[in-house]
Amino acid sequence: MDHGDTAEPDAAADGSDRPIEDYALLSDRRCAALVSSEGSIDWFCRPRFDSPAVYARLLDPDAGHWSIRPTGPFTSERGYVGDTFVLRTVFTTATGTAHLIDTFALGPSYEAETGVRLRLASRAPRATLRVLECTAGEVEIDFDFKPRPEFGLVKPIFTTVPGGILATGGPVRFVLTSPIPLETDDSAHARVTLRAGDKLRFVTQSAGLADEPPSTWTAEAVDAELEETIQGWQRWSDAHPTWDGPLPHLVRRSILVLEALRYQPTGALVAAPTTSLPEAVGAGRNWDYRFSWIRDASFTVQALAAAGSTEEAVAFFEFITRAAAHYHPRSPLQIMFGVGGEHDLSERELTHLTGWRGSRPVRVGNAAWLQPQLDVYGELLDAAWQLRHHLGHLDATARHFLTVVADAAADQWGRTDQGIWESRGAPRHYTYSKLMCWVALDRAVKNAELIEVEAHEALHFGPDILAARQLTPEDFNPVKLAPGWAAARDRIREAIETYAWKPGIGAFGAAFDGDDLDAAVLLLPAVGFLPGDDPRVVSTVDAIAERLRAGRGLVRRYETGTDGLDGDEGAFVMCTFWLAQALAITGRVERAREVFEEAAACANDLGLMSEEVDTATGAMLGNYPQAFSHIGLINAAAAIRDAERLSGSRPSRS
């Protein structure tokens, strides 16, 4: 990629003004960083995805960064090394060329003593590696290390240690390995000229206040760890099947993104590694996405299974069932959790941060954890159904949980809720919520043998609850419950076909009330509620394509003014992939591919996608990179591949 524009010295855009698509992702499967095309790490949370940021220039120019860039005008090109998250940026100036390698160290891929293969990044040293090499002529470089822990609240004190700098302040200390002397004031900085063959290696690691700071690294250790990291990512990628559908390069990168966003210790998948990148500039639609949503379960499992990543799909499913295992159907199931399984995700505002392009407030935590969203029952039980051949013998806790989820869907489907899009307006009878309750019961009936609970393993309900519901522990045997679930499933079908179908607009509406549309209804055929050739499905797909498509062929989630929030938002990338998927299922394969490629064009030069797109400019909006968008790409690609095989059309290898 050539950025074309020539960067002037000391004139780099603040991170809080820089286009979202200008950033690359780094990950060690515990935390993530965003690196600009000009060599600045402007977002970095440590030690977890959802920890307070150490560099947050993405959200405020004074909230910390780590920049390595030429001092004079330059152009840059960048790309990942193979199928990895090792980023190479090439700076070209009037006097020479320099290569900057950025990555998080992954640690060993194999157990040294036994040769047993380790989980990717399971022994990551929690180190950021930055290697700068002049490959031609000479290049003058500006180096500026400016950590600001606690989202910019803390200004560390810098002291010199053998081989580098120690930054102290706040709950963590940072050790910077530096082969060059640094001046220190409010940052550690230097200006140095490199000539062809010169190579500088920088490393940062952190330690808690109760821990001894780590030692600085030798050049040999940096080179060895960099090679190990490249091999670790590449081995993981090579262990998965080659994609044989459309746009294989983007599908491969999307599979890697999902692995990069999966928290290694638990298997949780974060929706995105950022907070408060807005859905519309200045509109207040700024949310924290650094958590794991139940609704991602079935979409993620479907995508990972299609890509041959079954082991990863099972790990994510197990995380969700363990985090929510205590659930009793007296109240709605919590829809999201922290990456360690935490339940309290209380939302607050960071008033000291100006926000990306002035988009306040900056939020941490997400109040949606308190919302009732009935669709999650279907997403959970559909994931179990998709993984039925890979789950083996479910333990009693998981079987208890899945049984209760089905029971909750049967009990609660008739209630109003906030819907898949987490509306902050009045609750409604959303069609998609009813549909997924239908899915929950349909899959529970089909899966009853898998989740069968013996009488002596009955649910841990107290006797008062059992008595109040006139139930005994034996009543929770799924095989015995299946007929009741089937009856409830049939009642939901009748309600959807009666109240959600809107003859006046020739489509299934967003909710039982009103004639507005919702892109989530595109999933009616994908989940098996109706076949793709049902005239109501075809006309619904056509209505959504006509009324919710905006500029650049992209699809909005719903119609303006129905979510209880002020202002508008961009087009939703996932919804555009849903349209492509629905078109493929309804047999319009060529049109499906056109829509698919329009959505795929939203990816940046590195194959990364945000949540939304400004249809007027094509600029990215929303948190980034967005797991939902990459999941949508994989699932749409699989639907198109399957439809092309059925139709006998020749797939493109673009």
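Let's start at Trp-578, which touches Phe-299, Ile-420, Trp-421, Ala-519, Ala-520, Leu-522 and Leu-523, leaving aside residues up to four places away in sequence; contact here means heavy atoms within 4.5 Å. This is a predicted model, in which local features need pLDDT of at least 70 and side-chain atom pairs count only at pLDDT 80 or more, while totals for chains, interfaces and linings use all residues. Residues are numbered from 1 along each chain as its sequence is written, and side-chain values use heavy atoms, with hydrogens and water left out.

Trp-578 belongs with Leu-333 and Tyr-377 as the residues with the most contacts inside the largest nonpolar core, which has 206 residues. Such a core is a set of buried Ala, Val, Leu, Ile, Met, Phe, Trp, Tyr and Cys residues joined through side-chain atoms within 4.5 Å, where buried means under 20% relative accessible area (1.4 Å probe, protein chains only). Helix H14 (residues 627-647) gives this core its largest share, 11 residues; helices are DSSP runs of H or I with at least four residues, strands are E runs of at least two, and both are numbered from the N terminus.

Strands pair if DSSP finds at least two bridges between them. Val-613 has Met-620 in S24 as its bridge partner.

Terms used
Buried means under 20% relative accessible area, exposed over 50%, partly exposed in between (1.4 Å probe, protein chains only).
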